[in-house]
Amino acid sequence: MKLSLSGRASATAVVSAVTLLVCGSIAGAAPAPVAAAAAPDIPVANVKAHLAQLQSIATANGGNRAHGRTGYKASLDYIKAKLDAAGFTTTVQQFTSSGRTGYNLIADWPGGDTGQVFMAGSHLDSVTAGPGINDNGSGSAAVLETALAVARTGYQPTKHLRFAWWGAEELGMVGSRYYVNNLTTANRSKISGYLNFDMIGSPNPGYFVYDDDAAIEKTFKTYFTGIGVSTEIETEGDGRSDHAPFKNVGIPVGGLFSGADYIKTSAQAAKWGGTAGKAFDACYHSSCDTSSNIDDTALNRNADALAYAVWSLSA
C-alpha cells in the first residue's frame with residue numbers, strides 16, 4: 001500500500017444466505033425466487049502457497065519484488081502461468097515509470113456481459129526494502145486464488161469478470177492509473193465496479209471496509225456480520241491505493257484492508273483480539289514483511305469475503 005510515512009478465519013464456510021433474483025412484478029403472481037450461486041470457500045492453504053512462492057521469488061531476486069526489478073516480473077510470470085493454465089485470457093500491459101519498465105497483468109474470464117465488467121484487483125509490487133508479503137502479496141494471492149476458484153467451479157456470472165494485478169503502486173498507483181487513463185470512454189463506462197485488496201493479512205489485524213460505494217460496502221459488511229466479525233470504515237489508506245484511479249473517473253469502488261502502521265487501540269483489541277498499542281503491521285514497508293508476517297485467520301476471512309463479494313456482485 002502506498003501510504004505516507006506518518007500514516008502509513010478462519011471462516012469455515014461462506015455466508016449461507018445469498019442474493020435472490022426475483023422474477024415477476026409486485027402486483028402480479030407470486031414471484032419465483034432463483035438463488036444465485038453461492039461463493040466457494042477459498043482455502044487459506046492455497047493462498048499461503050502462493051505467498052510462499054512470492055517469498056521464494058523475492059529471496060532469489062535481491063530480497064524484493066519492486067517495480068522494475070527482476071522479482072516483480074518473476075511474480076507476474078508466476079501469476080500469469082496459473083491463470084493461463086486455468087483458462088483465463090491474460091494480457092500484460094507495459095508502461096514506464098522512474099526510468100524502469102513496469103507491467104500490469106489483466107485476466108478476463110470468458111463469458112458474461114462484456115457491457116458490464118466487474119473487476120477485482122491488487123497491486124503486485126513490493127517496496128525495495130523487502131519482499132512485501134503482506135503488502136501486497138496477501139491481496140495478490142487472495143485475488144489469484146479467487147480467480148482460480150472461478151475456473152474450478154466453472155462459474156458463469158451475468159457480468160463479465162476481470163481480475164488485475166497492478167505494477168508500481170508503491171510509486172503512486174502508477175500502474176492502475178495507467179490502465180484507467182488508457183481506457184476509452186466507452187470501455188470505462190462498461191466497468192460496473194472495482195474491488196481493491198491491499199494488505200489483508202496483517203499480523204495484528206483489524207477488519208476495515210472501504211465506504212466509497214454503499215452497495216459494495218454493504219456486501220462486505222453482510223459477509224462479516226454473517227461470521228460474527230465487527231468491521232470499521234477504512235481510513236488509514238483512504239484514496240492511497242489502486243481503487244483511487246477508478247473512483248476518480250466515477251467507477252464504483254470498494255475493498256478490504258487489515259491495517260498498516262496505525263496503532264491498534266484498546267477498543268479494537270477488545271473486539272478483534274491482538275495487541276493494543278502496537279501497529280497493525282509493524283513490518284510495514286520493511287525487510288521483515290516476509291511470509292511469517294501474516295495472520296492466517298485474517299487472511300482466510302478476507303479471502304472468503306473477497307470471493308463472497310465477487311460472486312454476489314457479478315451474479
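**Ground rules.** Residues count from 1 along each chain as its sequence is written, and side-chain values use heavy atoms, with hydrogens and water left out. Since the model is predicted, local features need pLDDT of at least 70 and side-chain atom pairs count only at pLDDT 80 or more, while totals for chains, interfaces and linings use all residues.

**Strand S7.** S7 runs parallel to S5 (residues 113–123), joined by 5 bridges (pairing takes at least two DSSP bridges). Here Val 117 stands opposite Ile 191. S7 also pairs with S10 (residues 253–257), again parallel, over 4 bridges, and Tyr 194 faces Val 253 there.

**Helix H3.** I checked residues 133–153: 19 of the 21 are buried, so H3 is largely enclosed by the rest of the structure. Gly 154 follows H3, with a positive phi near 65 degrees.

**Rings.** I found 17 aromatic pairs (Phe, Tyr or six-membered Trp rings with centres within 6.5 Å; planes under 30 degrees apart are stacked, over 60 edge-to-face, the rest tilted). Tyr 179 and Phe 246 have ring centres 6.1 Å apart and planes at 35 degrees, so I noted the pair as tilted. Tyr 179 is in H4 (residues 174–181) and Phe 246 in H7 (residues 243–248), 67 residues apart. Both are buried.

Notes: Helix = DSSP H or I, 4+ residues; strand = E, 2+ residues; numbered from the N terminus. Buried < 20%, exposed > 50% of the residue type's maximum accessible area, 1.4 Å probe, protein only.
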